[in-house]
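Try each task before you read its solution.

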Amino acid sequence: MPQSKIMPGFRPAIGFTLFYLALIVLIPLSAMLLKTFQLSLDEYWAILTNQRVQASFRLSFGAALIAAAVAAVFGFIIAWSLVRYSFPGKRLFDALIDLPFALPTAVAGIVLAAIYEPNGWIGKLVMDSTGIQIAYKPLGIVFALIFIGLPFVVRTIEPVLQEFDIAMEEAAASLGATRLQAFVKVILPNILPAAITGFALAFARGVGEYGSVIFIAGNMPYISEIVPLLIITKLEQYDYPGATAIGLTMLILSFLLLLLINGLQWWVRRRSGQL
């Protein structure tokens with residue numbers, strides 16, 4: 001049967017979907033492309049090769065990658081603890097995982113800056129014991145991105161662990177596998193695609209994050225200035241072509257990195273027999 005008859009309302013639904021996609025995604029991106037095309041190739045290259053712009057790109061993408069990797073490790077540990085163990089306050093702890101989703105990003109940034117600044121509760125302790133300053137440094141940006149990226153990893157891995165058949169672990173143990181061997185050979189291949197998905201979501205959120213980072217970053221050019229702040233600075237200076245050029249480059253780099261991550265996820269799924 002034709003798909004339109006199998007699925008009532010298919011044409012209005014697909015029409016609304018395409019309209020929504022064009023209105024929210026395609027038209028703004030097209031406007032950014034048209035604004036960038038006002039620049040010559042030399043002008044575009046001069047903007048991208050500016051040392052301040054390059055420093056911001058290195059910081060934004062580097063911090064997002066580090067934060068996503070850390071969130072992937074600790075997110076798996078948290079998801080494992082929530083699924084496999086029972087302990088007092090489990091439901092409260094589970095609810096707190098979603099706090100970065102509900103908390104306004106600006107509020108999160110203010111709270112993190114207050115905690116990790118040199119005179120803050122944790123920041124002063126770390127500063128006195130190790131001499132390392134967290135807030136107003138690139139390290140503070142990484143901490144903020146871990147905070148907002150961790151829930152993505154936990155909520156991505158948790159359902160996979162809940163559906164995982166424990167009998168597979170028992171079978172591995174009955175065949176003489178150690179706990180480490182059972183984890184590497186049985187558990188990890190099943191949860192790795194979900195972990196990669198959580199990593200990709202945390203990275204995508206971290207690259208474009210502004211509110212929770214701006215208060216803890218310090219915003220020093222060449223040191224702790226992120227790309228979104230640089231774009232805002234360009235817009236405040238009415239340098240619209242420069243802002244759109246940086247934004248378009250950030251979009252392209254983010255897309256290529258996410259494409260690479262999704263390709264890795266597809267390869268892992270295929271290798272583990274999930275496709």
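**Exercise 1: ring pairs**

The structure holds nine aromatic pairs, where rings of Phe, Tyr and Trp (its six-membered ring) pair if their centres lie within 6.5 Å; planes under 30 degrees apart count as stacked, over 60 as edge-to-face and the rest as tilted. This is a predicted model, in which local features need pLDDT of at least 70 and side-chain atom pairs count only at pLDDT 80 or more, while totals for chains, interfaces and linings use all residues. Residues are numbered from 1 along each chain as its sequence is written, and side-chain values use heavy atoms, with hydrogens and water left out.

Task: classify the pair formed by Phe87 and Phe93, then the pair of Tyr116 and Phe143.

Solution. 
- Step 1. Phe87 and Phe93 are 6.4 Å apart centre to centre, with 70° between the planes, which makes the pair edge-to-face.
- Step 2. For Tyr116 and Phe143, the centres are 5.2 Å apart and the planes stand at 75°, so this pair is edge-to-face.
- Step 3. Tyr116 belongs to helix H7 and Phe143 to helix H9, so the pair ties together parts that are 27 residues apart in sequence. Helices here are DSSP runs (H or I, at least four residues), numbered from the N terminus.

**Exercise 2: the buried side of H7**

Task: find which residues of H7 are buried, and where they sit around the axis.

Solution. 
- Step 1. Buried means under 20% relative accessible area, exposed over 50%, and partly exposed in between (1.4 Å probe, protein chains only).
- Step 2. The buried residues in H7 are Ala108, Gly109, Leu112, Ala113 and Tyr116. They cover an arc of only 130° around the axis, so they are on the same side of H7; the arc is that of the directions from the helix axis to the C-beta atoms.
- Step 3. Their cover includes helix H8 (121-130), helix H9 (138-163) and helix H12 (211-217), with contact meaning heavy atoms within 4.5 Å.

**Exercise 3: the core**

Task: which residues have the most contacts inside the largest nonpolar core?

Solution. 
- Step 1. A nonpolar core is a set of buried Ala, Val, Leu, Ile, Met, Phe, Trp, Tyr and Cys residues joined through side-chain atoms within 4.5 Å.
- Step 2. The largest one has 64 residues, and Ile141, Leu145 and Ile246 have the most contacts inside it. H4 gives the most to this core, with 15 residues.
- Step 3. Leaving out residues up to four places away in sequence, Ile141 touches Leu59, Ala63, Val213, Ile216, Ala217, Ser224 and Ile226.

Definitions and conventions
Helices (H or I, at least four residues) and strands (E, at least two) are DSSP runs, numbered from the N terminus.
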